[in-house]
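Hi everyone, thanks for coming. Today I'd like to walk you through one structure, and I'll start with a term we need along the way. Have a look at it here.

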Amino acid sequence: MSGHSDHPSFEDICTHWGEDPERYLGSVVPPIFQNSLFSAPNVDIRSRKTGRYIYTREANPTTDILNAKLAALEGAEEARCFASGMAAISAALMSQLRNGDHVVCVRHVYYPARTLLQDYLKRFGVEVSFVRGTDVEDFEQALRPNTRVFYLESPTSINLWLQPIEAVCALARERGVITIIDNTWATPIFQRPVQMGVDIVVHSASKYLGGHSDVLAGVVCTSRRHIEAIHREMSLIGGILDPFAGWLVLRGLRTLPTRLRQHQQNAMQVAQWLCEHPAVHNVLYPGLPSHPQHELARCQMSGFSGLFSFTLKRNSREAAVSVVDALKVFRIGVSWGGYESLALPMLIEDYDGQQRWGLRVHIGLEQPESLISDLERALRHAEDKGH
Ligand SMILES: *Cc1c(COP(=O)(O)O)cnc(C)c1O
């Protein structure tokens, strides 16, 4: 992005853009409007037409600053924040789906999103087909007359497979299908789905957008055409973001471009080191030229974040667990996108369709040399134990 005022840079958006300290007594950081309601001095000006705030479930000034910044980062017209990534995902899906509709979904999507589609929304008469999603033909073959939504996540967060976003959106437009993408892995810093034709972008802001593992949040970014339906989900189902949590995401956002550059650099260094390690079978990181979709990744992303997987030559759960248990700098835990490095043992479907045991790692902001020596020791420890 250039630094022109009509196209503010990511850095500008994450810092001063959309803020007016003079409205808040010169406060350099916007205040937290931690109030449920907004009062008025007389009945006449209480109406929404006057542009005043009424009730925090509908709108709140702290959250509105965040909404505007996230929409601008995604190049979307509008955004609404939610209490979690799942609240954002369910609002996006429920805003589009009715009884009898069909969804085509990538099969390695974030697991609760998959459960929402195949178990929960089934109760409301929604059908779903899961596809590999690495080629546009996967979506084309799954199309039915009642297909309403293509649900994407690119790359997926365990085996790091990509969907060809532009081609899938072209097909969707031709067939009157709405596209939704989970852009949590890349963030808008590295991938701009709206520019590739996606209708609705969702994020777990609990990951990189918040960036410090201290807040749960989600966001839906979309056009004016769809925002009314999203807003309706927000105010009727009520999964709104608390203003204090919104303020924490605003604080995390300040350093988003800076953090992402460092996550990328650290992850690349660790991934390249792992590629050379004799105990490692395969490293699944779209930033590596050895990734089968590296060319597509370079076309549709401008960078690569810090979450990836690698599989082990000693293909067993015990081997993966013993490597993870031997790590000392990496912490063992779900989630990712904070400052800290994390690892989990995982059964991972490789691009060739083989299931192999390995590790999913999030590469944090520690010194990459410390992470590499931690991995080196843990991999040696597992070899010594004979797993
Ligand atoms: C964590 C995650 C979510 C869900 O976000 P929550 O904030 O935990 O509800 C959705 N998608 C992806 C890819 C995630 O990693």
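A residue counts as buried when its relative accessible area is under 20%, as exposed when that area is over 50%, and as partly exposed in between. Please keep in mind that this is a predicted model.

You'll find Lys313 in the loop between β9 (307–312) and α12 (317–326). Setting aside its neighbours within four places in sequence, Lys313 contacts Pro278, Ala279, Val280, His281 and Arg356.

Now to the inside. The largest nonpolar core has 115 residues, and Leu93, Phe150 and Leu359 are among those with the most contacts inside it. Helix α10, residues 256–275, gives the most to this core, with seven residues. Why does the core lie between domain 1 (10–253) and domain 2 (256–385)? Because both domains give residues to it.

Take Leu359 as an example: not counting residues up to four places away in sequence, Leu359 touches Phe308, Phe310, Val323 and Ile348, among others.

Finally, a pair of helices. The axes of α3 (residues 85–96) and α4 (residues 111–120) come within 10 Å and cross at roughly 35°, and the crossing is right-handed. On the α3 side, the contact is made by Met86, Ile89, Ser90 and Leu93, and α4 brings Pro112, Ala113, Leu116 and Leu117. By class, that makes seven nonpolar residues, one polar and no charged ones.

Note on methods:
Residues numbered from 1 in each chain as written. Predicted model: local features only at pLDDT ≥ 70, side-chain atom pairs only at ≥ 80, totals over all residues. Heavy atoms only, no water. Core = buried A, V, L, I, M, F, W, Y, C linked by side-chain atoms within 4.5 Å. Buried < 20%, exposed > 50% of the residue type's maximum accessible area, 1.4 Å probe, protein only. Helix = DSSP H or I, 4+ residues; strand = E, 2+ residues; numbered from the N terminus. Domains from an automatic or database assignment. Contact = heavy atoms within 4.5 Å. Axes fitted to C-alpha atoms, helices over the stretch in contact; angles between N-to-C directions. Left-handed = near helix turned anticlockwise from the far one by under 90°. Nonpolar A, V, L, I, M, F, W, Y, C, P; charged D, E, K, R; others polar.
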